[in-house]
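Have a look at the model first, and then let's walk through it together.

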Protein chains: 2
Amino acid sequence: MVTLKQLAKELNVSISTVSKALNNSEEIGEETIKRVKELAALYNYKPNKVALSLKQNKTKTIGVIIPDILNYFLAKVLFGIEREATEHGYNIMTCISNESLEKEISSLQLLANGSVDGFILAVSKETQVKNEISHFVKTINQGLPIVMFDRVANDVMCDKVIVDDFDATYRATKNLVNENRKNIAFISNIDDLSVGKLREKGYLKALSEGNNLKPVVLKINNPEDSPQNIKAFFQANKTIDGVISADSSSGVIAINTALNLGYRVPEDISVIGYSSKSVSNHSIPRLSTIRQHAKEIGANAAQMLIKRLENKAGEADDFSTRIIKTSLIKSDSTL
Amino acid sequence: MVTLKQLAKELNVSISTVSKALNNSEEIGEETIKRVKELAALYNYKPNKVALSLKQNKTKTIGVIIPDILNYFLAKVLFGIEREATEHGYNIMTCISNESLEKEISSLQLLANGSVDGFILAVSKETQVKNEISHFVKTINQGLPIVMFDRVANDVMCDKVIVDDFDATYRATKNLVNENRKNIAFISNIDDLSVGKLREKGYLKALSEGNNLKPVVLKINNPEDSPQNIKAFFQANKTIDGVISADSSSGVIAINTALNLGYRVPEDISVIGYSSKSVSNHSIPRLSTIRQHAKEIGANAAQMLIKRLENKAGEADDFSTRIIKTSLIKSDSTL
DNA sequence: GTGAAAGCGCTAACAG
DNA sequence: CTGTTAGCGCTTTCAC
């Protein structure tokens, strides 16, 4: 990499002249500016990012901590973050916490040494189960703002972007109730997560408002066992005529299992899930889904963080929570 | 963040003493080392990463450019890269090229300003179609090594990690031939990619060795149309009794479509695809798959890059290509 | 055993 | 209009 020093030497001017010329300073003569810029272009000069970061005490880099990159929803949020960040001239450093509290802490510490200006993260499963928040608080006290999305720690004072999980599941369940379904089941492999619990609550609320509707709930511990668990569940509860799936795969698996057992979908069983568009293609009929607008969630999180980073004034504790509304997309697995 | 300067001041010693003490220098007295370390621990001192990078002229950061983060295979490779990098004390900066040449170039340039020590990437679709490689060569000439994985540019001299696409598809097809299938189809929505072409070649080779077997190929341009396209394809080719799918979703969609049309799987139609374990759960019977060991691919790529970065000597052009062998996992969609 | 000083690449206040 | 200087945080050589 060419440095200012080298350009200065070759041009027989001082380093600061070169620097100013490249930054279009008023102080420098037109002719000099031209000469400097030409040489810089020739050598493909680019200011050293590290030196700039050191000088200006900010890195224009965002640390992103994702619990699971193989989760389609989380990956899509990352996509949204990356795009928004790039648009604003920020890079992202990605760490994967693997749903582990320890990795989450170490990732936070690893990047809190000047590598990044702030964090965007979704809380790991273990962290939620243990209800641990001190590492977040510590990071914020060090002066590094955090924006949490989807799975948030309520007790941490920071900006947040969440989904209307409760309402969305409530409305989806209502939808099945209105189809006159009498035995609506709830299937989830994310019972440990805050969002999983919210979704279950939405389901329960809708049932409680129905006419003598009883909850039937299947909680799957290991997603790999979903097909077997769901099959056994259907066999043990033969009158199920509706399914709300809280995670990204149980919905299509429920449809395929129902078909396999000889039910007609949606005539005999109606299904709504939280899958993405592409996964909803994995069953015939296509799964009716609750779309979370993951990219928007990511974009909003990035916007909030960048705004905070660039507003020196806004250091106040005026933290806000944005709720990104889901959409219920009815395909062919509902009436 | 606490700095050496602040510690030095508080301890009434010089900055260099503090620095040496923290690095366990022989030069410093035991007593001093102890005092320094205690205060450092108290203030949770961490050396500023940016300053270190500037001083040592390396960032311990790897730039990763992924064409599509929503592709399960690519996301899994990223996972492998992240894990391996973290283990070796490296961070990763992730850019998503979105299959666009322009974004790929800008990502490369953006990070080639001292932000990263080297790159790991899979070539974007547009780049492969246009067969453009100058931006890679330029980056390498700037002194930033590149490791390519999966979709590689053959003409670029660099380390590579690839999958045995040709062989794997050849063997999978042979498998169906040995089941005595007479009309084996090939379905792909990745015809643009180098790996897509290799897979097709493997399929064609296996057929050519069979007894009067004729290729039947469906190329899908827009993955969103897969269900309709595959259905129409089956209806137009009623004697299909075997399917090789080159991408990550056509396999399960083919099974679901076949069932929907009244075929039995695997009795009437046998299917093998390139899906991941979780997607293979999206059909009953489960899809028999060719597993690519994405995490290993990522880990290998990271190892190769880090080795090159840390071997000052190995600047030679002794570039190597590692081939990660796939495994054929027979589930229930084959005999 | 400890400290002063230089330097990584850059910007900016201040001199000239 | 251009140059000198200091300093961001750190390591390291060289004096003391």
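A salt bridge here is a side-chain nitrogen of Lys or Arg within 4 Å of a carboxyl oxygen of Asp or Glu. By that rule, four salt bridges are counted between chain A and chain B. This is a predicted model, where local features need pLDDT of at least 70 and side-chain atom pairs count only at pLDDT 80 or more, while totals for chains, interfaces and linings use all residues. Residues are numbered from 1 along each chain as its sequence is written, chains are lettered from A in the order in which they are written, and side-chain values use heavy atoms, leaving out hydrogens and water.

**Interface**
- Chain A and chain B each bring 53 residues to the contact (heavy atoms within 4.5 Å).
- About 4500 Å² is buried between chain A and chain B, with 62% from carbon and sulfur atoms (buried area is the accessible area, 1.4 Å probe, lost on being put together, summed over both parts).
- On the chain A side, A:Leu70, A:His282 and A:Ile284 lose the most area to chain B, together 14% of what that side buries.
- A:Lys277 forms a salt bridge with B:Glu224, with the closest N and O atoms 3.4 Å apart.

**Cavities**
- The whole structure holds two cavities of 30 Å³ or more (on a 1 Å grid over the protein atoms alone, sets of points where a 1.4 Å probe fits but cannot get out; lining residues have an atom within 4 Å of a point; a volume is the space filled by probe spheres set on the points, which are joined across faces, edges and corners).
- The largest cavity has a volume of about 220 Å³.
- Among its 15 lining residues, A:Val50, A:Ser115, B:Val50, B:Thr61 and B:Ser115 are the closest to the centre of the largest cavity.

Note on methods
Buried area is the accessible area (1.4 Å probe) that two parts lose on being put together, summed over both. On a 1 Å grid over the protein atoms alone, a cavity is a set of points where a 1.4 Å probe fits but cannot get out, and a pocket is an open set with protein on both sides within 12 Å along at least five of seven lines; lining residues have an atom within 4 Å of a point.
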